[in-house]
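Dear colleague,

Please find below the structure that I am handing over to you. My notes on it follow.

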Amino acid sequence: MTSKQNDALRPSGAVCAPLRANTSRNSPKQAPSAPETIFIISVMLSVLIQPASAHPQCLDFEPPFKPQWHLEFCSQYEEFGCCDQRADNVIAERYWDIIEELETAGKELCEDMLKEIMCQECSPYAAHLYDAEDPYTPVRDLPGLCFGYCSEFHNKCCHVLKYLTENQLLLDTSGRDMPTFCSIVDLSDQDYCYPNVLKSTDLNSNLGQVVEDPRGCLQMCLTEVANSLRNPVLMLHSGDETHRMFIAEQIGFVWVYLRDGSRLEQPFLDISGDVLTTPWLGDERGFLGMAFHPKYRHNGRFFIYYSIQFNSKVEKIRISEMKVSRNDMNIADPYSERVILEIEEPAANHNGGQLLFGRDGYLYIFTGDGGKAGDQFGKHGNGQNKSALLGKALRIDVDGSDSRGKPYRIPPDNPFSGDPDARPEVFAYGVRNMWRCSVDRGDPVSGYGRGRIFCGDVGQNRYEEIDIIINGGNYGWRAKEGFECYDIKLCQNSSLNDILPIFAYNHHVGKSVTGGYVYRGCESPNLNGLYIFGDFMSGRLMALEEDKTAGTWKEKSICMGSTTTCSFPGLINHHHKFIISFAEDEAGELYFLATSYPSAMSPSGTVFKFMDPSRRAPPGKCKQKPLPVKVRGNKFPFVPRELTVLKTNEKPTRPPPRKYKLTTKPPVTSGQHRSRTTGATTTTMTTATKMDRKPPPKAVTKNKNKSWKKEKEQKEKDAQIKKNTVGKKSKPQTRKTTVKTSVRVKVKTQANQTATNSLNSEKLSESPKNNKISSKRNNPQMKNALKSTGMKIQMSERELLILSNKTKTNVNVKSKKQKKLPWVRSKHTKNARPL
């Protein structure tokens, strides 16, 4: 905090001192009284004792961020805050507008504190300072100021309050009672009032970091992306820069979702007639996997993995290639299927189901061990049998065929391609039932981790594990489950040489792991590098953070954010229990798919998107320019169903930054009155007041020999003589014209009649009763005004009728014989200027 002096607290009833050159500069310093000392000590103790809930939030219901560019004005918040360069410039403009209104003493006394207070809109805790967490209450015009700081601000800067707020209560109390004013401006939570918010280590130590609760959970929020899906088993993008998402249901449908959230009426793929599935709860068969070719944009090829049955007896898993329709980019060609590989399944469970392309361009296929329990197939089980395709990670080249007629080739660096006792397709082995694997995109800056394949391997009855798949790796099943032995004889075999998981958890935490992704997106930079996954049975979300030096991974539990944490528009802090799968969009943002009823026929599936509530990317940094998608047929707009923390489309009560109203308009003259009831300005301007205006400077006067006033008087005399020669006219009658309008209007009064050039006044006021224009004769107020000028007015009945007709049409038409007032006052200057 910067200031030029420390002023003593003003006693109750003290008023704001007038501005003078020496205002408060030589004020004697006073020691705080005993009650004040006790209050300050109690505040300090409360800050030290009470743990702060470190939840940064901006005034627009968004998380703070790191600006892309340097902040020129509120530079103290350029590392992390709520302002980008545009908002910073707006605050600076408002600040200098206010400074220009102040006298020299006011500038020197208050400029530093004024800047501090105005820049609190950029604070990462702006929502707390302005009471914006609750969207149903007005946002403060002033941030919450701690009592001691407020008293100093009142001493130095109470004269600027009229530029910062229109709140009459604040303005009245600031001029009458400093303690009352500061008690209103203060916050009940002393951790967040300014400048305590800068001193709290509990708050500032976590700035820019993922919010943690006392249990160490990462507080995350979610947005709903899609709903009413029947066991959505996967969601993926096609990598063709259209940013479409393809969501597959277990029964064999694949739907296209556009970037705006809408779903196309016709499915991308429907093979529900071929897919083997049932309505049983937890049935693992069905449409299980899909992967787009790395060059899908050019060749339109994609691959699918699903369960089939022959003669109602033999069950298999099938991996096929298909192509997109030539006529519609949102529909697959149903006649293009080409079977790549089929593997017989001895049981209904442990069907695997993951397809993906590695950075090497090869297709990876992850199969289960065949089902039942304990992998009892063969002497050592399918997992350890390299001549079986079950319980493996397979790798094939789908861009060609071999000499034996197979629709794929074996990559030359496959680890067992030359082993006669092993299948050449095997890339890694010793897995039980890997459910959901992903390829790490790598750090967006350094590229670290790029190409790593993470998998979640479902355990038997004790442990669930996360593995990183490497060429030729043995992952231990059925010899080991997690870090411990499952089959003691196999486990003690010295030739096992298995690879331990990077993380394992027991069944007190969850009973069926669902593999996830390493976050490499843009919108939530604090999540970069975290591997986020979950558990199907317990519905628990988890994360792993890598210690690059030690080469180990540390668990980070994920919790749904509190109501306060997720108080942003469209965010929710709950999800369905059964976490089926995770997904990544084309921009690298992370999602997961869950259902409340795990049946392939139940439309209870929902897709959720992760959102870090503590930090976001700078505005504009994550904008994408997707290629256009030509849609044929109807679209179904997305209709959210989940209950958000705030109501749908909730907006802040006062979106900052607000333009402060400055008193740069001309001062109100005696002929202008402020209406107390409506606040509208009513103008009463007589000819005398017009003629009392100062003449223009000589440099721009049209006639240098005559002043403007003399010229005007001479024209009036000539008009009077001409009028008298025409004939006698009726007695002059004054007329008051009343106009009611629904909005505030400004009317220029003009001299209308050439005979007298003395229509002395047109008083426009707002009538609360009707919208009609009415006229009254013999207005006493007008008469009094005319008497004070010492001028006489003569007006014919015909002239009154003409004036009445003009007013009724509410059109500002100038008479041919009217003359403009040559000078008006500008809104932005105190000097007169020519029209």
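Which residue in β9 does Y305 stand opposite? Y305 stands opposite I319. The model is a predicted one, in which local features need pLDDT of at least 70, side-chain atom pairs count only at pLDDT 80 or more, and totals for chains, interfaces and linings use all residues. Residues are numbered from 1 along each chain as its sequence is written, and side-chain values use heavy atoms, with hydrogens and water left out.

The sheet

Strand β8 (residues 301-310) pairs with strand β9 (residues 314-323) in the antiparallel sense over ten bridges. Strands are DSSP runs of E of at least two residues, numbered from the N terminus, and two of them pair if DSSP finds at least two bridges between them. Both belong to an open sheet of four strands in the order β7-β8-β9-β10, with antiparallel pairing. Because β7 (287-292) and β10 (338-345) each have a single partner strand, one side of each is left without a neighbour in the sheet.

The cores

The largest nonpolar core has 64 residues, and F268, L269, F287, M290 and F302 have the most contacts inside it. Such a core is a set of buried (under 20% relative accessible area, 1.4 Å probe, protein chains only) Ala, Val, Leu, Ile, Met, Phe, Trp, Tyr and Cys residues joined through side-chain atoms within 4.5 Å. The largest share of this core, six residues, comes from β8.

Confidence

The chain has a mean pLDDT (the predictor's confidence in each residue, from 0 to 100) of 79, and 71% of its residues reach 70 or more.

Yours sincerely

Key:
Buried < 20%, exposed > 50% of the residue type's maximum accessible area, 1.4 Å probe, protein only.
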